[in-house]
Amino acid sequence: MRSTNPPRLATLLLQVFAVDDPIAGDGGMPMTAANELVLGSAAGMAQAVRSGDASATALAQASLARIAATDERVNAFTAVTRERALARAAAIDNALAEGDAALRESPLLGVPFAVKNLFDIAGLPTLAGSKI
């Protein structure tokens with residue numbers, strides 16, 4: 001029998017990285033509902049935004065706080081687009097408040113994400129691992 005709710009790749013990846021995470025919960029970050037959500041699955045975050053239990057802005061802020069609290073140790077980011085992330089999250093929250101039904105159907109609604117700098121992103125350098 002086929003599952004009616006197949007796992008999504010992003011959900012699986014986030015679950016893998018959240019398991020036995022030595023950094024989870026530290027860095028002086030208070031364990032708010034949004035902070036707990038960003039340590040969970042992408043599907044859980046999207047559902048929380050869809051249902052109104054969390055805002056895209058709260059998830060973006062929690063993700064940015066986690067980056068700020070941990071990146072000095074893990075050195076995972078070459079650039080963080082804080083203003084861009086917060087502006088996009090606010091736009092999502094505003095569109096939902098105005099009743100945008102099509103947006104509500106997005107499977108990763110309001111889920112913050114990172115992109116490896118191997119890909120061209122407007123306004124950011126594409127380093128591809130280069131030290132130059």
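**Core and helices of a predicted model**

User: What makes the largest nonpolar core, and which residues have the most contacts inside it?

Analyst: Happy to go through it! The largest nonpolar core has 16 residues, and I92, L96, L103 and L109 have the most contacts inside it. The elements giving two or more residues to this core are α3 (42–51), α4 (56–74) and α5 (82–97). A nonpolar core is a set of buried Ala, Val, Leu, Ile, Met, Phe, Trp, Tyr and Cys residues joined through side-chain atoms within 4.5 Å. Helices are DSSP runs of H or I with at least four residues, numbered from the N terminus. This is a predicted model, where local features need pLDDT of at least 70 and side-chain atom pairs count only at pLDDT 80 or more, while totals for chains, interfaces and linings use all residues. Residues are numbered from 1 along each chain as its sequence is written, and side-chain values use heavy atoms, with hydrogens and water left out.

User: What does I92 touch, not counting residues up to four places away in sequence?

Analyst: I92 touches A56, L103, L109 and G110. Contact here means heavy atoms within 4.5 Å.

User: Why is L108 called partly exposed?

Analyst: Buried means under 20% relative accessible area and exposed over 50%, with partly exposed in between (1.4 Å probe, protein chains only). L108 has 39% relative accessibility, so it counts as partly exposed. L108 lies in the segment after α6 (101–104).

User: Why are the buried residues of α5 said to line one face of the helix?

Analyst: Those residues are A89, I92, D93, A95 and L96. Seen down the axis of α5, they fall within an arc of 165°, so they line one face. The arc is taken over directions from the helix axis to the C-beta atoms. On the other side of α5, E83 and A97 are exposed. The buried residues of α5 pack against α3, α4 and α6.

User: Where does α4 bend, and by about how much?

Analyst: α4 bends at A68, by about 35°. That bend is the angle between axes fitted to the seven residues ending there and the seven starting there. Its 19 residues reach 25 Å from first C-alpha to last, close to the 27 Å expected.

Conventions. Expected span 1.5 Å × (residues − 1).
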